[in-house]
Amino acid sequence: MNRHVARLVSRNAVAPVCLVLTLLYFSLTTQGVLDASNLLNVGGQVAPLGLVALGQLVVVVTGGFDISVGSVAALAAIGTALSVNAFGPAGVVVGPLVGLACGLVNGIVVGRFNIQPIVATLGMLSVARGLALILSGQRVVTIKGANPLNFLGYGLVARIPFGLLVLLAVAALLAVLLRRTHIGRRVYMVGSNAEGARLSGVDLGRTVLFAYAASGLSAGIAALLFVGRAGAGLPTEGAGLELQAIAAVVVGGAALAGGIGRPLFVLLGAMFIQLLGNGLNMAGTSPFDQQIVLGTVLIAAGLLDFMIRHVATATRAQRRRA
Amino acid sequence: MTDLSTTAARGLPRRLLNLPAGVYVLAVLVVVLAVFVPRFLDPTNLSNVSRTAAILALASYGQAVIILVGGIDLSVGSVVGLISVVVVLNLGLGTAAAMAIGAAVGVGAGAVNGLLVARFKMPPFLVTLGMLTGLHGLSSVLVGGIPVEAPPSGAFSWPSSGSIGPLPVPLVLAVLGFAALALSLRFTVLGRTWFLAGSNPRAAAAAGIRVRRSVFLAYLVGAVFVGVAGIILTSRVHSGQPELFPDLPFAAIAACAIGGLPLTGGDASASRVVVGVLVVSLAENGLQLLDLSSAAQLVVIGGLTVAAVLAQQRPRLVRTTRPAPAVERDGASSALEESR
């Protein structure tokens with residue numbers, strides 16, 4: 001009996017169940033949320049959050065977290081807008097490069113110097129935000145002329161938002177990378193047992209560096225989507241993005257202790273967070289009530305995680321007795 | 001290793017070398033500020049700094065207790081916002097009563113944090129992140145998103161701008177808090193259990209310590225410090241606002257890290273927290289006196305935090321064999337086992 005329960009409440013079930021319940025709830029209460037046009041709209045909006053959540057997942061699997069992603073995305077967005085204005089369309093490469101650079105700094109500070117992830121990424125959070133404000137002169141940096149990123153923000157391929165396709169491609173790529181490549185397996189090894197990984201020859205510093213670089217890069221790509229949508233770089237972009245990304249990762253079934261987590265379920269987690277925000281918006285809920293809901297969802301996801309662990313332990317004990 | 005360090009502790013030069021790195025950072029900072037910033041040593045300025053530093057100190061004491069048991073509290077910024085809103089909304093009951101209710105609400109938030117972390121074994125990072133968001137929403141709903149002014153009164157502004165003799169009230173409260181923290185860490189049974197629960201929860205449990213209770217009480221005591229800080233802040237801005245001090249948890253964590261507290265838990269001391277608080281507050285004050293933009297201040301404070309923590313890590317890099325962090329390893333592998 002218990003074994004069936006355990007299978008039913010496996011951590012991978014959380015995100016799909018949450019997503020279905022939300023869809024069901026809004027279909028009963030709010031008009032228009034389930035319209036195809038609105039769902040496609042949500043699909044377009046979810047891309048930046050989804051990308052950042054995927055990057056966050058890699059870091060979380062190593063047992064760390066990256067709270068700098070929102071600020072890094074803002075800095076990368078400002079960098080992109082400034083360089084597009086200066087060098088033309090080729091300037092868009094600056095966004096991912098800035099994100100990657102910030103991620104590498106985080107990775108070196110955490111991986112090589114063994115600084116706690118929260119201190120390292122906290123430092124990056126304020127440095128990147130400060131730089132974004134200084135570079136932009138605390139103003140919106142509007143792109144002059146045609147926005148080369150317009151298609152990324154608003155383009156449709158067979159009625160599907162291009163941003164969503166990019167997100168899906170990145171998620172598939174990351175899933176293969178984490179499952180099939182050496183570096184991907186090392187990420188899980190480091191997260192589930194760092195000492196064991198070290199003893200079997202894994203370079204901890206390099207693996208951690210890879211994880212934070214991936215997170216920084218994903219924030220840089222998300223910045224391109226922000227610029228694509230806004231047609232400008234906003235120094236205040238991405239405030240609270242790290243919070244939503246971590247929520248998506250946890251709802252997606254990753255363990256904050258490290259070692260566990262799958263990209264496709266994190267993707268569902270991100271869609272759930274985005275749909276929740278969109279639905280509450282359409283129902284006319286104030287942003288403050290949405291914060292209460294998001295906070296409750298985070299803690300509820302944690303409680304669910306506790307119950308899953310509880311059931312799993314009980315099942316194991318029962319199996320051992322049998 | 002032990003022999004080396006005992007001989008190293010002999011003699012004044014050696015003893016100086018053994019001071020926590022934060023002390024050097026502080027010393028350099030004070031000299032730089034005294035030389036390069038004209039009005040820094042002004043008595044008015046120092047009194048102002050003491051009022052600001054006192055608030056950060058109280059919040060950091062609370063953070064230190066929670067960090068000591070291996071936790072972290074990101075929610076304090078929203079908690080002080082909620083406290084200020086509750087105080088101002090309850091002013092009809094009298095200033096003292098309103099402030100007591102506000103502080104009690106803060107302690108209640110700490111109890112929820114503690115319950116979720118200790119009883120349900122949830123990651124503190126996740127719990128307090130949820131509370132950060134949820135409580136900010138709650139206090140915004142309570143005031144409809146706009147700050148509520150408090151009618152001016154002497155009693156209301158006393159906690160922030162009053163004086164006892166020549167001493168500013170916040171400073172007196174911070175010193176009392178320091179004594180309470182130092183004494184409870186060193187001389188109370190509860191304080192000692194925090195060290196054990198933070199450095200090795202399994203061993204602590206095996207030794208008969210009620211770890212859950214100890215961790216829960218750490219969050220509760222931490223919330224008491226935050227409650228006092230929240231009252232001073234409320235009194236200073238003379239209003240109830242959800243956006244009272246969103247960066248407070250980060251400043252407090254930075255202060256603890258700069259002071260040399262390991263964020264993995266198991267070690268803390270009141271004096272090291274104060275060193276970290278002084279570094280953060282003096283650096284902020286210096287940058288303000290130099291008229292640097294708030295954006296530039298962000299960059300400098302962020303860089304300073306990481307640099308100060310890096311300065312402490314350096315000696316450990318020299319060691320040829322890295323000692324395995326036993327607690328962390330145990331925690332990680334047991335979490336994995338449980339979740340399989």
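Author: A surface patch is built from residues with over 30% relative accessible area and no salt bridge, where like charges are joined within 9 Å and nonpolar side chains (Val, Leu, Ile, Met, Phe, Trp, Tyr) within 5 Å. The accessible areas come from the Shrake-Rupley method with a 1.4 Å probe, and for residues only the protein chains shown count as cover. This is a predicted model, where local features need pLDDT of at least 70, side-chain atom pairs count only at pLDDT 80 or more, and totals for chains, interfaces and linings use all residues. Residues are numbered from 1 along each chain as its sequence is written, chains are lettered from A and ligands numbered from 1 in the order in which they are written, and side-chain values use heavy atoms, with hydrogens and water left out.

Reader: Good to have that settled. Which residues make the nonpolar patch on chain B?

Author: B:V28, B:V31, B:V32, B:V35 and B:F36 make it, over about 490 Å². One of them, B:V35, sits in helix α3 of chain B, residues 21–36. Helices here are DSSP runs (H or I, at least four residues), strands are runs of E with at least two, and both are numbered from the N terminus.

Reader: Why is B:V35 called exposed?

Author: Buried means under 20% relative accessible area, exposed means over 50%, and partly exposed lies in between. B:V35 has a relative accessible area of 58%, so it is exposed.

Reader: And what makes the patch on chain A positive?

Author: Its members are A:R179, A:R180, A:R185 and A:R262. Lys and Arg count as positive, Asp and Glu as negative, while His and the chain ends are not counted. Each charge is placed at NZ of Lys, CZ of Arg, CG of Asp or CD of Glu. A:R185 belongs to helix α9, residues 182–192 of chain A. Its relative accessibility is 40%, so A:R185 counts as partly exposed.

Reader: On to chain A as a whole. How do you know that its radius of gyration agrees with a compact globule?

Author: The radius is taken over C-alpha atoms, and the globule rule is 2.2 Å times the number of residues to the power 0.38. With 322 residues the rule gives a value near 20 Å, and chain A has 20 Å, so the two agree. The C-alpha trace spans about 70 × 55 × 35 Å along its principal axes, and buried residues make up 54% of the chain. Chain A has 14 helices and four strands.

Reader: What makes A:D203 and A:R112 a salt bridge?

Author: A salt bridge is a side-chain nitrogen of Lys or Arg within 4 Å of a carboxyl oxygen of Asp or Glu. For A:D203 and A:R112 the N to O distance is 3.8 Å, so the pair qualifies. The two residues are 91 apart and link distant parts of chain A: A:D203 is in the loop between α10 (194–199) and α11 (204–230), and A:R112 is in the loop between α5 (94–111) and α6 (117–136). A:D203 is partly exposed at 31%, as is A:R112 at 46%.

Reader: Which other salt bridge does A:D203 form?

Author: A:D203 also pairs with A:R206, with the closest N and O atoms 3.8 Å apart. A:R206 has a relative accessible area of 54% and is therefore exposed.

Reader: How many salt bridges are there over all chains?

Author: The search of the whole structure finds four. Among them is B:R272 with B:D267, at 3.2 Å from N to O. B:R272 counts as buried because its relative accessibility is 18%, while B:D267 is partly exposed at 30%. Back in chain A, bridges with shared partners join A:R112, A:D203 and A:R206 into one network.

Reader: Where is A:Q138, and what is its phi?

Author: A:Q138 is in the loop between α6 and β1 (141–142) of chain A, and its phi is near 60 degrees, again positive. A:Q138 counts as partly exposed because its relative accessibility is 49%.

Terms used: Buried means under 20% relative accessible area, exposed over 50%, partly exposed in between (1.4 Å probe, protein chains only).
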